[in-house]
Amino acid sequence: MAPFLEFRDVSFARGARAIFERLSLSLHAGERVALLGPNGVGKSTLLAMIAGLLRPGSGTIVLNGLDVRHWNRRDLSRTVALVPQTLEVPFSFRVEEIVAQGRVPHLGRFGSLSARDLEVVERAMEAVDVLQLRNRVYQELSGGERQRVKIAIAMAQEPTLMLLDEPTQHLDIGRQIEIVGLLRRLNERGITVLAAVHDLTIARDNFERGILLTSEPTCISGSVAELLTPELLARAFGVDGANFGRFSEPATALQHAAVHQGTAQPHRRVRGRHGRKINRDLR
Amino acid sequence: MTTVAPPQQLVTSSSRPRTALTLVILGVTLALVLVVSAGVGAVRLSLSEVLRAILHPGEAGDAGVILFSLRLPRVLAAALAGAGLSATGVLFQGLFRNPLADPFVLGASGGAALGGAAAMFVFPTLSVAGVGASAMFAFAGALLTMAIVWSLARRSGQHGIENMLLAGFAIGTMLNAATSAFELVHEAANPGARILAVWLYGQIGVPPWNQVSLITVVMIVAIVAALPLARRLNTMALGDEYAAQLGVAVNRVRVQTVIVGALLTALAVSLGGLIGFVGLLVPHVLRLMLGPDHFRLLPAAALGGAIFLVLADTAARTVFAPLEIPVGILTAFLGGPAFLYLLHHKRKAR
């Protein structure tokens, strides 16, 4: 079967800095894939290119057999939904008004919502469990609620492929589990999922396959467990000799991490000496 | 499996009133305010006198002369100026994703006034197809100012809001100084002429009837044409990237919004000069009542702005009678505090 999405020798540069050089990768329909790699390696750029927001400098991106460049914009918006890292909305727009924007690529010339559009919006809110938030003002929502609303917008687009940029970032562990569970359910319904993920444990436990982008002009694809070898991680993230071993031992990984943190940095010191810096980072 | 509740009408659910009903109420209020205001002045006319004169203009006598040559053009000019400024406020607020954007604050009114003043000074008699050079130059001035403010605000990324306001303020001040210079030169050359002074203060004039009807038609067409843009602005509230991802042609919507906004501003300025804060006050109050949906807000703001400015202008010409104060001074007194309140509120929200 031909892949649903294929990068063929794609290069992209931002100013003088090359982000990708002759990158090739592929994704099959129905897959659930984690996009891994260090900060600034181009994960967001890659997602934006698939969504048609950025054009590759050279090479082609083929989606469902057709070069993305030749896709009609509305058709592309009905096929690919991008869930960006942040969504800030001015004015007091309510959740259902915002989720309804996901219908925009399906609407006619005058842009009014049909009964079917309303039903899709309703089901999108139900699928991500934000029905009870429908009349709340988006600005007043918590981080986890906002994340779910963003996914609801994407659901309202009725996409075949959903791209997510760091969907678990800045969420507590409970909300992270919720979002990842949601992605699994959407994938089981037949939506192909490609998510940029920072947390290697989340990637290992929840994604079938990973694509590891490195600063070298290549990417490495394989099952996430295969990717999480100390050698590959050291190469990708550019830290030699760090304790990456814990990611290749699934059963004890969390324990391992806890022990590792406990011995390296006693709690007292963290609070006393680094308290200020930590606060600044949080902001 | 949980059962799905039947879908409700999205935008009109909860406590927000229905669009059509709101528009009817605003329209009826506007008609009432126009008729009552037309009766108010040095010669007081009752409601029935005004209505009789409008329905049977031939038999109206003195009341008819007062109404048709003075009062009606004036209240209609105030209504049109208010509608134009307020509708532009909604469009620019959607465009800049900021409730502080207003044609006066952004310098568009200043650009229109300078363009109009320059044309009056340089081509006092030029007119094409009934449109005076001053109206065309006012449009060009508003358009140019918005292009400059937009490019300055866009380039500044994170601090876009502050820069937009500062750029608008700086450019507006320069434009107004230039208009003042024109005014002084013009008055020195034509003693007693106050045409330009009136623009600077923001005073509604008494336009000829052909101008009133032309502007009415152009303004209604412009606002109706802007309704699809208002829908796009709702999507663009999610941000440019998000809107582009949802298939909105972001740049085209921006350019069209600026053109319509500049046109409405130029029409309003050609009727009443620099009247500030109408585009800020009226949309803000209506947003509290109707919610932020630009598609509903645009026609409501046009009607609301018309009501507001007719009332304000009637107050301006009667409260200190026989002295008439320019309505721009009145709106500044009301709008300045509202602006500061919104600025404070915005800071807190961040």
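Helix α8(B) is built from 28 residues and reaches 39 Å from its first C-alpha to its last, close to the 40 Å expected at 1.5 Å a residue. This description, like everything that follows, refers to a predicted model. Although its span is close to the expected value, α8(B) has a kink of about 40 degrees at B:L227, shortly before the proline B:P228.

**Helix α8(B) and its partner**

Two packed helices are described by the angle between their axes and the distance between the axes. For α8(B) and helix α12 (residues 294–318) of chain B, the angle is about 145 degrees and the axes are 7 Å apart. On the side of α8(B), the residues that make this contact are B:I223, B:A226, B:L227, B:A230, B:R231, B:L233 and B:N234, while α12(B) contributes B:H294, B:F295, B:L298, B:P299 and B:A302. Sorted by class, the contact of α8(B) with α12(B) consists of nine nonpolar, two polar and one charged residues. The residue at the kink, B:L227, is also one of the residues through which α8(B) touches α12(B).

**Where the two chains meet**

The place of A:P84 is in the loop between β6 and α3 (95–100) of chain A. Is A:P84 buried or exposed? It has 22 C-beta neighbours inside 10 Å, and because 20 or more are required for the class, A:P84 counts as buried. A:P84 and A:A29 lie 55 residues apart in sequence, and their C-alpha atoms are 21 Å apart in space.

**The two chains side by side**

The table sets out some overall values for each chain.

| Chain | Helices and strands | Buried residues | Contacts joining residues at least 24 apart, among those at least 6 apart in sequence |
|---|---|---|---|
| Chain A | eleven helices and ten strands | 40% of 283 residues | 65% |

**The six-stranded sheet of chain A**

Chain A contains an open sheet of six strands in the order β6-β7-β8-β3-β9-β10, with mixed pairing. The strands β6 (80–83) and β10 (219–223) stand at the edges, each with a single partner strand, so one side of each is left without a neighbour in the sheet. Neighbouring strands of this sheet are turned by 15 degrees against each other on average, direction ignored.

Within this sheet, strand β7 (residues 161–165) of chain A and strand β8 (residues 192–196) of chain A run parallel and are joined by five bridges, and A:M162 stands opposite A:V193 in β8(A). Strand β3 (residues 32–36) of chain A also runs parallel to β9(A), with four bridges between them, and here A:L36 stands opposite A:L212. By contrast, β9(A) and β10(A) run antiparallel and are joined by five bridges, with A:G210 opposite A:G222 in β10(A). Strand β9 (residues 209–213) of chain A has four of its five residues buried, so it is largely enclosed by the rest of the structure.

**The four-stranded sheet of chain A**

A further open sheet in chain A has four strands in the order β2-β1-β4-β5, with antiparallel pairing. Its edge strands are β2 (17–27) and β5 (66–67) of chain A, each of which pairs on one side only. Strand β1 (residues 5–14) of chain A pairs with strand β4 (residues 58–63) of chain A over five bridges in the antiparallel sense, and the bridge partner of A:S11 in β4(A) is A:S58. Helix α1 (residues 43–50) of chain A packs on the sheet, where it touches β1, β2 and β4 of chain A, and the direction of α1(A) makes about 120 degrees with that of β1(A).

Definitions and conventions
Residues numbered from 1 in each chain as written. Chains lettered and ligands numbered in written order. Predicted model: local features only at pLDDT ≥ 70, side-chain atom pairs only at ≥ 80, totals over all residues. Helix = DSSP H or I, 4+ residues; strand = E, 2+ residues; numbered from the N terminus. Expected span 1.5 Å × (residues − 1). Bend = angle between axes of the 7 residues up to and from the residue. Pairing = 2+ DSSP bridges. Axes fitted to C-alpha atoms, helices over the stretch in contact; angles between N-to-C directions. Contact = placed C-beta atoms within 7 Å. Nonpolar A, V, L, I, M, F, W, Y, C, P; charged D, E, K, R; others polar. Buried ≥ 20, exposed ≤ 12 C-beta atoms within 10 Å, placed from the backbone.
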